[in-house]
Amino acid sequence: MSLPGAPFLARDGAELKLEGHALTDLAQEHGTPLFVYSRAAMLHALAAYQRALQGRPHLICYAVKANSTLAVLQTFARAGCGFDIVSGGELARVLAAGGNPAQVVFSGVGKTRDEMRQALLAGVRCFNVESLGEMDKLDDVARSQGRRAPVSLRVNPDVDAGTHPYISTGLKGNKFGIAHDQALAAYQHAASLPGLQVVGIDCHIGSQITQIEPYLDALDRMLDLVEAVERSGIAIHHVDVGGGLGIHYTDEKPPDAAVLVQRIAQRLDARGHGGRELLFEPGRSLVGNAGVLLTEVLYLKPGRADQGGKNFCIVDAAMNDLVRPAMYQATMAIEPCRVCDAEAATWDVVGPVCESGDWLGRDRALSVLPGDVLAILSAGAYGMTMASNYNTRPRAAELLLDGARVHLIRQRESVSSLFADERLIDS
Ligand code: LLP
């Protein structure tokens, strides 16, 4: 089985290399924990979508939440991407990275008035509206600025994406979107509001999806709605099918982005909607396999049979750096950066944070010694963006590899910056 992240991530003799750079050397030079990304791997993942969409009106809106570091956004902006944002903060990042606001779609169930104002001023491409209350508020904000806000309704198609319950978003019981059976009335309400301009339809059914069928089911439901909405005299320009395509972490076999795009495009054509602009909001599938998290082994704590026999490999990265294992019981591959000849054993790879839930990998067969560097693979998505300062741990540094060049794109956080905004009280 090839490594997740291949061919950009590969074993060369004893050394694990990303875009040709030995990861042990990068860890030695820049310290750990350290996120390392391959720019070529990101552009390669994007190219699969781009090639499959060629010749058809489309916009790929990279989902900023997956990895919002400025140089990553800059990479996608330069490659012609739009962006899917969910906060005013993400909008500010996109603008700081040189993204084009006219290619930004603004998603999220809880947009505030301030965020709406900010996005209208910037001139975003559209708001993916998720409730009637949000529609009324946006209408009010837009009119107070003398503008019309472009809107797309996020429809909840009630389709099971077959993924972890925390990252499944297109089912009736989820907080997301406007219920499918209420969407026609919602479109009619939107069209009656002078501050809104209906431009599209949107859905996002979940994340780490490894099958195509849920996308096609959701698309069919959206197209039924498009037809009903247009019959009622409201024009819909674009169809946004969201993000969610899964990646290879350990043994998943998600479809290629190109195949997913082709199947969606074929369905659009077959139903006579081929001329519509097609939007995608991929996050994980563009950056997930382009990154690794490097961490040094601090201590080995072999288990005693009378304690259940667990062996703990204690590393310097923790749940605050990478929360996916603790939060979703996610299994992410862990590889030594340099193969060593220590005896193999089965280890739970855990961090220094004071929680039993602070684990990065369970029951992993590894040959390791203290001081070795391990790579947690597929950490390019929802790694740094979900990192916290729990236990007053500064967040990791980040490197972006670009051929022979190594760019430090985020310095390691300093401890003093963590409490710089705090004040002691007068006695
Ligand atoms: N569009 C919308 C409206 C979304 O909510 C999301 C992700 C995306 C696009 C991008 O989805 P992607 O292509 O990355 O699957 N923290 C979780 C994933 C949460 C996804 C939230 N929404 C994880 O680490 O697995």
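Which residues do ring pairs link into a cluster with Y62?

## Aromatic rings

Ring pairs tie Y62 together with F76 and F83 in a cluster. Rings of Phe, Tyr and Trp (its six-membered ring) pair if their centres lie within 6.5 Å; planes under 30 degrees apart count as stacked, over 60 as edge-to-face and the rest as tilted.

There are five aromatic pairs in the structure. Take Y49 and F280: their ring centres are 5.8 Å apart and the planes sit at 65°, so this pair is edge-to-face. It links distant parts of the chain, with Y49 in helix α2 (residues 39-53) and F280 in strand β13 (residues 277-280), 231 residues apart. Helices (H or I, at least four residues) and strands (E, at least two) are DSSP runs, numbered from the N terminus.

## About the model

This is a predicted model, where local features need pLDDT of at least 70, side-chain atom pairs count only at pLDDT 80 or more, and totals for chains, interfaces and linings use all residues. Residues are numbered from 1 along each chain as its sequence is written, and side-chain values use heavy atoms, with hydrogens and water left out.

## Around the ligand

Now for some polar contacts (pairs of N or O atoms within 3.5 Å). A polar side-chain atom of R324 is 2.6 Å from a ligand oxygen, while a backbone N or O atom of R284 is 2.8 Å from an oxygen atom of the ligand. On the side chain of D84, an N or O atom lies 3.2 Å from a ligand nitrogen.

Key
A polar contact is a pair of N or O atoms within 3.5 Å; within protein, one must be able to donate a hydrogen and the other to accept it, and residues adjacent in sequence count only if both atoms are side-chain atoms.
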